[in-house]
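Here are my notes on the model you asked about. Keep the picture open while you read, and find each residue as it comes up.

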Amino acid sequence: MDNDVTVADAPDQHRYEARDASGALMGIATYRRTSDHITFLHTETMPEFQGRGVAGRVAKQSLEDARAAGLKVRPACPYYVQYFEKHPEYADLLEEVAS
């Protein structure tokens, strides 16, 4: 994976975006945010960039941002559910579900 990948929040689009050095959109993670939590709804990597770790970079940056903002996370997207399973260092961000 190139180091020339940037991941940034695009709040007006309600998504995180990964872009290459030329500005091409590589992948996204859409979300719904409130004052205290963020729900990740869908993750997608553009076909020409699949298999290059784009989704993982987006997930990592979005979770780091959630932590910095003091947000709890609701992983509605299957990719985020799987990411949490593989990365227990983010378990503290999971919103507790009332039973």
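The points below go from the whole chain down to single residues.

1. First, some ground rules. This is a predicted model, in which local features need pLDDT of at least 70, side-chain atom pairs count only at pLDDT 80 or more, and totals for chains, interfaces and linings use all residues. Residues are numbered from 1 along each chain as its sequence is written, and side-chain values use heavy atoms, with hydrogens and water left out.

2. Start with the overall layout. The protein chain has 2 helices and 5 strands, and in sequence order they read β-β-β-β-α-β-α. Both kinds of element are DSSP runs numbered from the N terminus: helices are H or I with at least four residues, strands are E with at least two. The radius of gyration is 13 Å, close to the 13 Å that the globule rule gives for 99 residues, so the chain is as compact as a globular protein of that length. That radius is taken over C-alpha atoms, and the rule is 2.2 Å times the number of residues to the power 0.38. Along the principal axes, the C-alpha atoms fill a box of roughly 45 × 30 × 20 Å.

3. How much of the chain is buried? Buried residues make up 36% of the 99, where buried means under 20% relative accessible area, exposed means over 50%, and partly exposed is in between (1.4 Å probe, protein chains only). Take the contacts between residues at least 6 apart in sequence: 38% of them join residues at least 24 apart. A contact here means heavy atoms within 4.5 Å.

4. Now trace the strands. β1 (residues 6-10) and β2 (residues 15-19) run antiparallel and are joined by 5 bridges; strands count as paired if DSSP finds at least two bridges between them. Look for Val7, whose bridge partner in β2 is Ala18. Next, β2 pairs with β3 (residues 25-33), again antiparallel, over 5 bridges, with Glu17 opposite Ile28. Then β3 and β4 (residues 37-45) pair in the antiparallel sense over 7 bridges, and there Tyr31 faces Phe40.

5. The β1 and β2 hairpin has 4 residues between its strands, and the β3 and β4 hairpin has 3. In the hairpin of β2 and β3, with 5 residues between the strands, Gly23 has a positive phi near 95 degrees. Which residue other than glycine has a positive phi near 55 degrees? That's His14, in the loop between β1 and β2. Most residues other than glycine have a negative phi. His14 is partly exposed, at 47% relative accessibility.

6. Leaving aside neighbours within four places in sequence, Thr43 touches Ile28, Ala29, Ala55, Cys77, Tyr79 and Tyr80.

7. Finish with Phe84, in helix α2 (residues 78-86). Is Phe84 buried or exposed? At 9% relative accessibility, Phe84 counts as buried. Beyond neighbours within four places in sequence, its contacts include Leu63, Val73, Pro75 and Tyr90. Phe84 and Leu63 are 21 residues apart in sequence, with their C-alpha atoms 9.9 Å apart in space.
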